[in-house]
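Subject: Handover of a structure and notes on its features

Dear colleague,

Please find below the structure that I am handing over to you. My notes follow it, and I ask that you read them with the structure open.

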Amino acid sequence: MFMCRFFLFHLYESPKFLLSQGRQAEAVATVHGIAYKNRKTTWLSEEILNEIGGTAVVEEKEKLSTSEIIKRNLNKFSTQRIAPLFATRQLALMTCLIWFCWATIGMGYPLFNAFLPQYLSNAGGDQETAPSIVYRNYAITSIVGVPGSLIAYYTVNIKYIGRKGTIAISTVITGILVFCFTISTDPSFQLTFSSLEAFFQNIITPEVFPAPNRGTGTGIASCLNRIAGLCAPIVAVNAGQTNPKAPIYASGGLFLAAFVAMLFFPIETRNKQSL
């Protein structure tokens with residue numbers, strides 16, 4: 001990813017950020033660069049930008065103490081950013097369900113995937129599988145998961161499937177395949193089901209928050225996802241002492257719980273740029 005970032009494509013600075021810093025010329029250059037990359041042209045120039053928004057005024061930065069900087073940053077956190085996510089009953093239900101799904105998947109994903117090498121190493125029952133085979137199978141599982149996102153790119157725009165159908169179908173299949181993983185201790189059998197599980201699991205991509213508050217809603221969802229993920233090793237260690245397959249059962253149960261929540265999604269975002 002590091003090599004791709006610097007050698008395969010160029011990331012432009014946000015024109016909005018450049019304008020906020022009074023860097024009009026750089027903002028215009030960025031817009032022209034993005035237009036050129038997309039084989040388009042733009043009429044925007046620095047003179048036109050100044051006519052629309054006024055000439056950029058460079059202000060001296062105010063020197064603040066550490067405590068003042070912290071206080072100013074904390075003032076940015078406000079319920080006014082969260083309240084729009086609960087503006088209507090429908091949107092409030094959608095927000096709660098999405099956060100629940102992110103939390104359950106946040107724990108279910110690492111319960112299975114983070115400990116997958118250990119599960120694969122014990123696939124042969126009493127006889128431990130060679131490390132080379134374990135990591136070969138783990139690599140195969142990871143590679144097979146890539147096409148799932150590509151297929152989802154098309155299914156999210158199918159009329160009777162859309163975002164909701166894609167998310168729900170992929171999640172329930174993931175949960176079922178996680179349970180199927182425990183049926184047999186045969187290495188080939190477990191490799192097959194772990195690969196199928198990875199293929200469908202990578203399709204999950206919620207997209208439902210209103211555009212002006214999407215950053216806040218997604219940020220909270222991501223926070224819940226990470227907190228639940230941090231709890232996964234605790235669950236795996238304690239549950240695994242009783243039954244080695246218990247973390248897998250827990251993972252499958254969490255995916256199925258997320259599937260049930262997805263069935264109640266009241267909003268479909270197919271063919272909508274924003275809510």
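How many helices and strands does the protein chain have? The protein chain has 14 helices and zero strands, where helices (H or I, at least four residues) and strands (E, at least two) are DSSP runs numbered from the N terminus.

This is a predicted model, in which local features need pLDDT of at least 70 and side-chain atom pairs count only at pLDDT 80 or more, while totals for chains, interfaces and linings use all residues. Residues are numbered from 1 along each chain as its sequence is written, and side-chain values use heavy atoms, with hydrogens and water left out.

**The chain as a whole**

Of the 275 residues, 35% count as buried. Buried means under 20% relative accessible area, exposed over 50%, and partly exposed in between (1.4 Å probe, protein chains only). Among contacts (heavy atoms within 4.5 Å) with a separation of 6 or more, 71% join residues 24 or more positions apart.

**The nonpolar cores**

A nonpolar core is a set of buried Ala, Val, Leu, Ile, Met, Phe, Trp, Tyr and Cys residues joined through side-chain atoms within 4.5 Å. The largest one has 20 residues, and I98, W99, C101, M262 and F265 have the most contacts inside it. Helices α7 (89-113), α11 (162-180) and α14 (246-263) each supply at least two residues of this core, and α7 gives the most, with seven residues. Another core, of six residues, lies apart from it and includes M107, A228, A236 and L254. In soluble globular proteins, nonpolar side chains tend to be buried together.

**Exposed residues**

F7 belongs to helix α1 (residues 2-7) and is exposed, with a relative accessible area of 62%.

R39 is found in the loop between α3 (24-37) and α4 (46-53), and R39 is exposed as well, with a relative accessible area of 79%. The phi of R39 is near 60 degrees, a positive value in a residue other than glycine. Most residues other than glycine have a negative phi.

Yours sincerely,
A colleague
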